[in-house]
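Please read them with the structure open beside you.

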Amino acid sequence: MLQSAPSIKVRAFLPMAPYLAKHDISAIEFCARLGISPNVFQNADGWLPRAQCFHMANEVAALLGDPFAGAHVGRLTELRDLGPWGRSVLAAENVADACVLAAANVSSIHHGSDIRFLVEGGTARIIFRFADRFEFDPRHFIFGSLAVLRKVPLLAGEPSAIRVRLTASRTRGSEALEECLGSNIETGCDYDVIEFDRELLDLPLKTPGNRPSKVTEALAAAIEAAKMLSERLSDGHELGLEAVARSLGMSARTLQRRLKFCGVDFEELLDETRRSEAIRLICEGVHSMTDIAFKVGYSDSAHFTRAFKRWTGVAPSRFQMGRE
């Protein structure tokens, strides 16, 4: 049963980070500008309201002047990066099972969408549509979702047998869309559909090799680094790049390179982690400012106060008063 409050798992949106980075835009700054918690890497398995996700996708497209930004992000998204949903698809024995699992498990990644798998005559279809009304234009999220769903039958290794039907109208520059959705695209349709020849259903999956892609490696490193910084803030461990990289089993240079691929600077990530945790602790209303300063990695309250003013424009005590 679909949830009454449509929402989307954060990790479904994380491939936006490397896409923004390709255009020299920081993912942390981009999220902050939209009023979304900038440290999204710490909460990859959390949920964002669907309206907020649609708004974010539209802002990416507007910022970059890319009418098909959603499709490009979907193309960057690896099935293995989509948590239980992606893992269940990749564990299937054949294309038919993969399609069934993709439709059955959609609630593990998106509350508020409907994926149906139908077979009629010589054609199989994965139909993607939304339940309920939506506040923002969902076009870019649809593009991205179809780019991901197309990868399910594509595991058969027969791209020419796969077609994409879009409710969107054809626009100028749509040849760029073919890079993400293949050349067999029809626009102005009644539904958004991935359609393919029935013969593909019995084919075994040609799953990706064990070596993760550059996007997968970069996103995994960013998520693990963000989690580790959050865990280490108050336990006295070192918070430097080299210490964190060592704990993750890689060199500082490798971690820095992977973060950069996601448009994230390590010191910026650390600063945002401290900011997020400080605000959370203040909102709890049970900690002294000295304790909070220590918990977020500052040796004295003066340094913490200066940092907090930089983050929010006000002193922590005044921020606390505003919350009461």
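1. Helix 10 and helix 12 are roughly perpendicular to each other, a label for angles of 65 to 115 degrees. Their axes meet at about 105° and lie 8 Å apart. Axes here are lines fitted to C-alpha atoms over the stretch in contact, and angles run from 0 to 180 degrees between N-to-C directions. Helix 10 covers residues 214-232 and helix 12 covers residues 252-261. Helices are DSSP runs (H or I, at least four residues), numbered from the N terminus.

2. This is a predicted model: local features need pLDDT of at least 70, side-chain atom pairs need 80 or more, and totals for chains, interfaces and linings use all residues. Residues are numbered from 1 along each chain as its sequence is written, and side-chain values use heavy atoms, without hydrogens or water.

3. Which residues of helix 10 and helix 12 make the contact? Helix 10 gives Lys214, Val215, Glu217, Ala218, Ala221, Ala222 and Ala225. Helix 12 answers with Leu255, Arg258, Leu259 and Phe261. Contact means heavy atoms within 4.5 Å. By class, 8 of these residues are nonpolar, 3 are charged and none is polar. Nonpolar covers Ala, Val, Leu, Ile, Met, Phe, Trp, Tyr, Cys and Pro; charged covers Asp, Glu, Lys and Arg; the others, Gly among them, are polar.

4. Now take helix 13 (residues 266-284) and helix 15 (residues 301-312). Their axes come within 11 Å and cross at roughly 95°. Helix 13 is therefore roughly perpendicular to helix 15. The contact includes Arg274, Ala278 and Ile282 of helix 13, and Phe304, Phe308 and Trp311 of helix 15. It has 6 nonpolar, 1 polar and 4 charged residues.

5. Glu277 is found in helix 13. Is Glu277 buried or exposed? Glu277 is buried, at 18% relative accessible area. Buried means under 20%, exposed over 50%, and partly exposed in between (1.4 Å probe, protein chains only). Beyond residues up to four places away in sequence, Glu277 touches Leu233 and Val296.

6. The largest nonpolar core has 94 residues. Such a core is a set of buried Ala, Val, Leu, Ile, Met, Phe, Trp, Tyr and Cys residues joined through side-chain atoms within 4.5 Å. Phe41, Trp85, Leu146, Leu181, Phe196 and Leu255 touch the most other members. Helix 10 supplies the largest share, 10 residues. A second, separate core of 14 residues includes Met289, Ile292, Val296 and Phe308.

Note on methods:
Helix = DSSP H or I, 4+ residues; strand = E, 2+ residues; numbered from the N terminus. Parallel < 35°, antiparallel > 145°, perpendicular 65-115°, else oblique.
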